[in-house]
Amino acid sequence: MTSLATPPDLSAIKAFIFDVDGVFTDGTLLALNSGEQARTFHIRDGFAVRHALAKGYRIAVISGREEEGVRKRLESLDVRDIFLGVDDKMKIFNNYINTYRLDPSHIAYMGDDVPDMEVMRRCAVAACPADAAADVHAISNYTAARPGGHGAVRELIEAVLKAQNTWL
């Protein structure tokens, strides 16, 4: 599950926030002649997202890139709090927690690179995929065994829901 000897307390988590590239995807962009940049998503991550939403957890996505295909994929999973093309992730994070009156001690954030670090430092669970940047690993208190785009999202969600006896 996690590479730490003592994993973080997952029992209070009520919301998840994820980056997209390098977390939901493996960070690879396929540049098409049309200008669109295609990505692949892991189907099991999608199951876990829908399952967590059905169990009453909040899920948000904050990404620096704006791609309609990403929005459509997230909407197909019933994610409603989608923030794409974001320059200031902390500003979006603060607006999000204020809008929904969320306590950062109840949030797990999964990111993979430097733009995620400021928000990660504010959350109870600062999670990253196995292949995240070294600086992100250094501040994470949960490191998935799986890399981004290969089930890291599912791993975190499943660990939290199992810790709270809400997975099945």
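A salt bridge is taken here as a side-chain nitrogen of Lys or Arg within 4 Å of a carboxyl oxygen of Asp or Glu, and a search of the whole structure finds 10 of them. The structure is a predicted model, in which local features need pLDDT of at least 70 and side-chain atom pairs count only at pLDDT 80 or more, whereas totals for chains, interfaces and linings use all residues. Residues are numbered from 1 along each chain as its sequence is written, and side-chain values use heavy atoms, with hydrogens and water left out. The mean pLDDT (the predictor's confidence in each residue, from 0 to 100) of the chain is 95, and 96% of its residues reach 70 or more.

Among the salt bridges, K89 and D116 meet at 2.6 Å, N to O; K89 lies in helix 3 (residues 89-100) and D116 in the loop between strand 6 and helix 4, 27 residues apart, helices (H or I, at least four residues) and strands (E, at least two) being DSSP runs numbered from the N terminus. K89 is buried at 7% relative accessibility, as is D116 at 1%, where buried means under 20% relative accessible area, exposed over 50% and partly exposed in between (1.4 Å probe, protein chains only). D19, K89 and D116 are linked in a network of salt bridges.

In helix 6 (residues 152-163), 10 of the 12 residues are buried. E158 is buried, with a relative accessible area of 18%.

Notes
The expected span of a helix is 1.5 Å times one less than its number of residues.
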